[in-house]
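Thanks for taking a look at this one with me. Here are my notes, point by point, to read beside the picture.

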Amino acid sequence: MLGLKLPTDPRWVNIAAKNIEEILTDHAFCEQKATSTAISLIVSFPEYSELVDAMIALVKEEISHFKMVHDRILARGCKLGRDRKDEYVSKLLQFFPKGGSRTTQLVHRLLYAALIEARSCERFKLLSEHIEDQELAIFYKNLMVSEANHYTMFLGFARQYGDRTEVDEKWEALLDFEAEIMKDLGTKETMHG
């Protein structure tokens, strides 16, 4: 369903399980960045009313996810750690060249967002199925459904605002690029790394 070309090595769950505090902190900042991305799309492309409405709803949802993760951090007697650079996203953002028309820039940003949500969904699924902490397993199962909806929404908007054939070609190429990135990731206690 997600179209990812290289699945996460299931051993990543073992790394995550041994470093729950780090995973939760990284996850919290992923939710915060997703909120920021939605706000940025509103600010950058206000003329796309349907997109703006969807991003307003997404901001509310993502910030509520941030709170849910933060609450779990506090419930475990921990504090939200410091944000760190997301190696996965940094590498992913190197795929599309800078510039281009406003429509091209919008499509590229939507495709990036779709892929990040798809990978998050895949990681949440792994956690929901393999982590021993049942409370977290249920939490991640519920979030998995939400992330899948976000992935399809972003990809749908990219196809709506760009040329469908061109968008699908870019999407396939981005999936191939992401698979190459993933060969070197999956060994850290981060959501994407």
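1. Start with helices H2 and H6, whose axes cross at roughly 25° and come within 14 Å. H2 and H6 are therefore roughly parallel to each other (angles under 35 degrees count as roughly parallel, over 145 as roughly antiparallel, 65 to 115 as roughly perpendicular and the rest as oblique). The axes here are lines fitted to C-alpha atoms, for helices over the stretch in contact, with angles running from 0 to 180 degrees between N-to-C directions. Helices are DSSP runs of H or I with at least four residues, strands are E runs of at least two, and both are numbered from the N terminus.

2. A word on the source: this is a predicted model, in which local features need pLDDT of at least 70 and side-chain atom pairs count only at pLDDT 80 or more, while totals for chains, interfaces and linings use all residues. Residues are numbered from 1 along each chain as its sequence is written, and side-chain values use heavy atoms, with hydrogens and water left out.

3. Which residues of H2 and H6 meet? On the H2 side they are Ile20, Ile23, Leu24, His27, Glu31 and Leu41, and on the H6 side Leu136, Phe139, Tyr140, Leu143, Glu147 and Phe154; contact means heavy atoms within 4.5 Å. By class, this contact of H2 with H6 holds nine nonpolar residues, one polar and two charged (Ala, Val, Leu, Ile, Met, Phe, Trp, Tyr, Cys and Pro count as nonpolar, Asp, Glu, Lys and Arg as charged, and the others, Gly among them, as polar).

4. Next comes H2 (residues 20-44) with H5 (residues 102-130): their axes come within 12 Å and cross at roughly 160°. That makes H2 roughly antiparallel to H5. Here His27, Glu31, Ala34, Ser40, Leu41 and Ser44 of H2 meet Arg102, Leu106, Arg109, Leu110, Glu117 and Phe124 of H5. The contact of H2 with H5 has five nonpolar, three polar and four charged residues.

5. H5 also packs with H6 (residues 134-161), the axes coming within 7 Å and crossing at roughly 160°. H5 and H6 are therefore roughly antiparallel to each other. Their contact divides into 21 nonpolar, four polar and four charged residues.

6. Stepping back, the chain has seven helices and zero strands. Its radius of gyration, taken over C-alpha atoms, is 16 Å, close to the 16 Å of the globule rule for 193 residues, so the chain is as compact as a globular protein of that length (the rule is 2.2 Å times the number of residues to the power 0.38).

7. How confident is the predictor, and where is confidence lowest? Mean pLDDT, a per-residue confidence from 0 to 100, is 92 for the chain, with 98% of residues at 70 or more. Confidence is lowest in helix H1 (residues 12-18), at a mean of 87, and highest in helix H3 (residues 49-75), at 97.
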